[in-house]
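Here's a quick briefing on a protein model, for going through with the structure open beside you.

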Amino acid sequence: MSIETMARELGLGDAVIFAGLRDDVHDILCASDLFVFPSLFEGLGLVLVEAARAGLPIVASAIPGISEAVVDGVTAELRPVGEEERFAEAALQLLTDPARHARMGAASRQWFGDQWTIRRSTSAALAVYEEAMGQASAR
């Protein structure tokens, strides 16, 4: 069954938009109140970096990849996979507590500005290459 069919069968047709490939993701994120990401598997979680750039509080799965891309309790609320009620509770708490929502959104944007600069990313990549070259020359 397709996810679109499932949404219709659950009566969510008016609440869910399947927008397809977009080139205005940042604009959409900036118009959002919260970013919820219940992923089962994730490499880096780059979409979380985009949500942080937009200053959104995040509720996401507590899995590798995501846990490296956010700061639990500061820029995001991480919840175990399969615990949908805990995801919903975290989302509702953020949406009904304007002060906490604002703090987490500001921390998210600050974290993005501190962690995802060209200089920092380049330095990290260079360090990986240097370590690999050092290990290769030690053999």
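Let's start inside the sheet: E77 sits in strand β3, and E77 counts as buried because its relative accessible area is 9% (buried is under 20%, exposed is over 50%, partly exposed is in between, with a 1.4 Å probe and protein chains only). Keep in mind that this is a predicted model, where local features need pLDDT of at least 70 and side-chain atom pairs count only at pLDDT 80 or more, while totals for chains, interfaces and linings use all residues. Residues are numbered from 1 along each chain as its sequence is written, and side-chain values use heavy atoms, with hydrogens and water left out.

**Overall layout**
- The protein has seven helices and three strands; helices (H or I, at least four residues) and strands (E, at least two) are DSSP runs, numbered from the N terminus.
- Along the sequence, the pattern reads α-α-β-α-β-α-β-α-α-α.
- Taken along the principal axes, the C-alpha atoms fill a box of roughly 60 × 40 × 30 Å.
- Of the 139 residues in the protein, 27% are buried.
- Among contacts (heavy atoms within 4.5 Å) with a separation of 6 or more, 48% are between residues 24 or more positions apart.

**The sheet**
- Three strands make an open sheet, in the order β1-β2-β3 and with parallel pairing; to count as a pair, two strands need at least two bridges found by DSSP.
- β1 and β3 are at the edges with a single partner strand each, so one side of each has no neighbour in the sheet.
- On average, neighbouring strands of this sheet are turned by 15° against each other, direction ignored; axes are lines fitted to C-alpha atoms (for helices, over the stretch in contact), and angles between N-to-C directions run from 0 to 180 degrees.
- α3 packs on the sheet, where it touches β1 and β2, and its direction makes about 170° with that of β1.
- β1 and β2 are joined by three bridges, and V36 stands opposite V59 in β2.
- β2 and β3 are joined by four bridges; A60 faces L78 in β3, and S61 stands opposite R79 in β3.

**Nonpolar cores**
- The largest nonpolar core has 15 residues, and F35, L48, I58, A60, I66 and V70 touch the most other members. Such a core is a set of buried Ala, Val, Leu, Ile, Met, Phe, Trp, Tyr and Cys residues joined through side-chain atoms within 4.5 Å.
- Two or more residues of this core come from each of β1 (35-37), α3, β2, α4 and β3.
- There's also a second, separate core of seven residues, including L34, V59, A91 and L94.
- Leaving out residues up to four places away in sequence, A60 touches F37, L48, I66, E77, L78, R79 and F87.

**Helix α5**
- The 13 residues of α5 should span 18 Å at 1.5 Å a residue, and its end C-alpha atoms are 18 Å apart, which agrees; the expected span is 1.5 Å times one less than the number of residues.
- Which residues of α5 are buried? They are F87, A90, A91 and L94.
- These cover an arc of only 95° around the axis, which puts them on the same side of α5; the arc is that of the directions from the helix axis to the C-beta atoms.
- E85, L92 and T96 are exposed on the other side of α5.
- The buried residues of α5 pack against β1, β2, β3 and α6.

**Helix α6**
- α6 (residues 98-115) has 18 residues and reaches 25 Å from its first C-alpha to its last, close to the expected 26 Å.
- M104, G105, S108 and W111 are the buried residues to look for in α6. They cover an arc of only 125° around the axis, which puts them on the same side of α6.
- P98 and R103 are exposed on the other side of α6.
- The cover over the buried residues of α6 includes α3 (46-53), β2 (58-61), α4 (66-69), β3 (76-79) and α5 (84-96).

**D33, out in a loop**
- D33 lies in the loop between α2 (25-30) and β1, and D33 counts as exposed because its relative accessibility is 53%.
- D33 and L56 are 23 residues apart in sequence, yet 6.6 Å apart in space, C-alpha to C-alpha.
- Not counting residues up to four places away in sequence, D33 touches L56, P57, L95 and H101.
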